[in-house]
Amino acid sequence: MVSVRVDVQVQATIDVPVETVAAFAGDPSRAPEWYANIRSVNWQTDPPVALGSRMDFVARFLGRRLAYTYEVVELEPGRRLVMRTADGAFPMETTYTWTEAGSGSTLMTLRNRGNPVGFTRVAAPMMEIAMRRATSKDLARLKALLESEDPIR
């Protein structure tokens, strides 16, 4: 990515071991369960997630339907997952990291960064605020889901 105009990073401590959080959050098929804006995920490649995996996502953000394809560009199982898209008006990179936070807890960091093009470039400051709000809520939803009694159904 050349020039990053939007860069949002949020964190949450989840009272569940790293391997459980990474297995759940790092499975793109589970994204609609904890991301409010993601409507569907369809694999172009066979699961499970691996370097080079490609998935089609459909989301709603700021009242608009977004369809894009993510490709896994970095993967350290149980530690880090980086997905990137060059599609649409907002090419973006999403990074998940998971680190032990003591007592069987996990610090999960979720970072979205990109360089809006076209009309979205003008809206970048508003998009960054909206993305921070949405990703904070998504991590809170993930935390609640994983800390519930039966998170992996």
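1. A residue is called partly exposed when its relative accessible area falls between the buried class, under 20%, and the exposed class, over 50%. By that definition arginine 141, with a relative accessible area of 33%, is partly exposed. The model under review is predicted, and the remarks below concern its salt bridges, of which the structure holds nine.

2. The partner of arginine 141 is aspartate 138, their side chains meeting in a salt bridge with an N to O distance of 2.8 Å. Both residues belong to helix 4 (residues 124-147), where they stand three residues apart, about one turn of the helix. Aspartate 138 counts as buried, because its relative accessibility is 3% and the cut-off for that class is under 20%.

3. Elsewhere in the structure, the side chains of arginine 111 and aspartate 7 form a salt bridge at 2.6 Å, N to O. Arginine 111 lies in strand 7 (residues 106-114) and aspartate 7 in strand 1 (residues 6-14), so this pair ties together parts that are 104 residues apart in sequence. Arginine 111 is partly exposed at 26% relative accessibility, and aspartate 7 is likewise partly exposed, at 29%.

4. A further salt bridge joins the side chains of glutamate 33 and arginine 30, with 2.7 Å from N to O. Which of these two partners is buried and which is partly exposed? Glutamate 33 counts as partly exposed at 35% relative accessibility, whereas arginine 30, at 15%, counts as buried.

Technical notes: Residues are numbered from 1 along each chain as its sequence is written. This is a predicted model: local features need pLDDT of at least 70, side-chain atom pairs count only at pLDDT 80 or more; totals for chains, interfaces and linings use all residues. Side-chain values use heavy atoms; hydrogens and water are left out. A salt bridge is a side-chain nitrogen of Lys or Arg within 4 Å of a carboxyl oxygen of Asp or Glu. Helices (H or I, at least four residues) and strands (E, at least two) are DSSP runs, numbered from the N terminus. Buried means under 20% relative accessible area, exposed over 50%, partly exposed in between (1.4 Å probe, protein chains only).
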